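Reader: I'd like to learn how to read a structure like this one, feature by feature. Could you walk me through it?

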Amino acid sequence: PLLAQSATAGKLVLTGGVTQIEGAAGGGLTPWALIGGYGARGQYGANATYTRVDVDDYSLDAWGVIAGFNDRVELSYARQVFDTEGVGALLGLGRGFQFEQDVYGAKLRLVGDAVLEQDSWLPQIALGVQHKRNRQGEVVRAVGARDDSGTDIYLSATKLFLAQSLLVNGTLRHTEANQIGILGFGGDRGSGSLQWEASVAYLLTRQI
């Protein structure tokens, strides 16, 4: 079945992405080449997002906003709060010590159209940047980081198979971040690295 169209804008369900924890349109941890919001060409769209990860030893809260323009340019902001809970006490930081980070993002669609170019194997490709600023600079330096801020640059390729309700994405990212920046940037083992990320999304029904 084909993906359902959004009731409020010109783009199809899923083609605005599921906002990832760093604020970009994507899936969970990985940016996609899709532009956030459900505004089609000649339109703009915006989303607000909140994500919480809660496990036995720590928790992460992330919230932010994202806006897409003309289905080509995306701007985003996310705030992350990492609560060390009991782990903070073991590390000498104090139980419940929190690392906080701001992430400012921008993305530009370079080529391809994930929806309209179904007869082509060329995926939609986008170039993105995320500037991250950790608010606990003295602490992250004390645990081995070189800086309290850094900039990720990534290239994402996303292919949407409408007939199968399937989305496949690959992202190549250059980053200096330690644990996405929660523990600062850089250290004694180099100034950055290339990371490969991938994700797959599938619609169980037209709405789920």
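This is a predicted model: local features need pLDDT of at least 70, side-chain atom pairs count only at pLDDT 80 or more; totals for chains, interfaces and linings use all residues.

Reader: Which residue forms a salt bridge with E74, and how far apart are the closest N and O atoms?

Author: E74 forms a salt bridge with K107, and their closest N and O atoms are 3.4 Å apart. This pair connects distant parts of the chain, since E74 sits in strand β6 and K107 in strand β7, 33 residues apart.

Reader: How many salt bridges does a search of the whole structure find?

Author: The search of the whole structure finds 14 salt bridges. Some are joined up: E22, K132, D152, R173 and E197 are linked in a network of salt bridges.

Reader: What about R52: which side chain does R52 meet in a salt bridge?

Author: The side chain of R52 meets that of D54 in a salt bridge, at 3.2 Å from N to O. R52 also has a salt bridge with D61, with 2.7 Å between the closest N and O atoms.

Reader: How should I read burial there? Is D61 buried or exposed?

Author: Compare the relative accessible area with the cut-off: under 20% means buried. D61 has 13%, so D61 is buried. R52, at 41% relative accessibility, counts as partly exposed.

Reader: Let's turn to aromatic rings. How many aromatic pairs are found?

Author: A search of the whole structure finds 4 aromatic pairs. In one of them, the ring centres of Y77 and Y104 are 5.3 Å apart and the planes meet at 45°, so the pair is tilted. Y77 belongs to strand β6 (residues 73-83) and Y104 to strand β7 (residues 98-111), so the pair ties together parts 27 residues apart in sequence. Y77 counts as partly exposed at 24% relative accessibility, and Y104 counts as partly exposed at 42%.

Reader: And sheets? In what order do the 3 strands of the open sheet come?

Author: The order is β1-β2-β3, with antiparallel pairing. β1 (18-19) and β3 (30-31) are the edge strands, each pairing on one side only. Strand β2 (residues 25-27) is joined to β3 by 2 bridges, and G27 stands opposite T30 in β3.

Reader: Finally, where does pLDDT stay under 50?

Author: That is residues 1-8, for which the model has 25 contacts beyond four places in sequence.

Technical notes: Residues are numbered from 1 along each chain as its sequence is written. Side-chain values use heavy atoms; hydrogens and water are left out. Two strands pair if DSSP finds at least two bridges between them. Helices (H or I, at least four residues) and strands (E, at least two) are DSSP runs, numbered from the N terminus. Rings of Phe, Tyr and Trp (its six-membered ring) pair if their centres lie within 6.5 Å; planes under 30 degrees apart count as stacked, over 60 as edge-to-face and the rest as tilted. Buried means under 20% relative accessible area, exposed over 50%, partly exposed in between (1.4 Å probe, protein chains only). pLDDT is the predictor's confidence in each residue, from 0 to 100. Contact means heavy atoms within 4.5 Å. A salt bridge is a side-chain nitrogen of Lys or Arg within 4 Å of a carboxyl oxygen of Asp or Glu.
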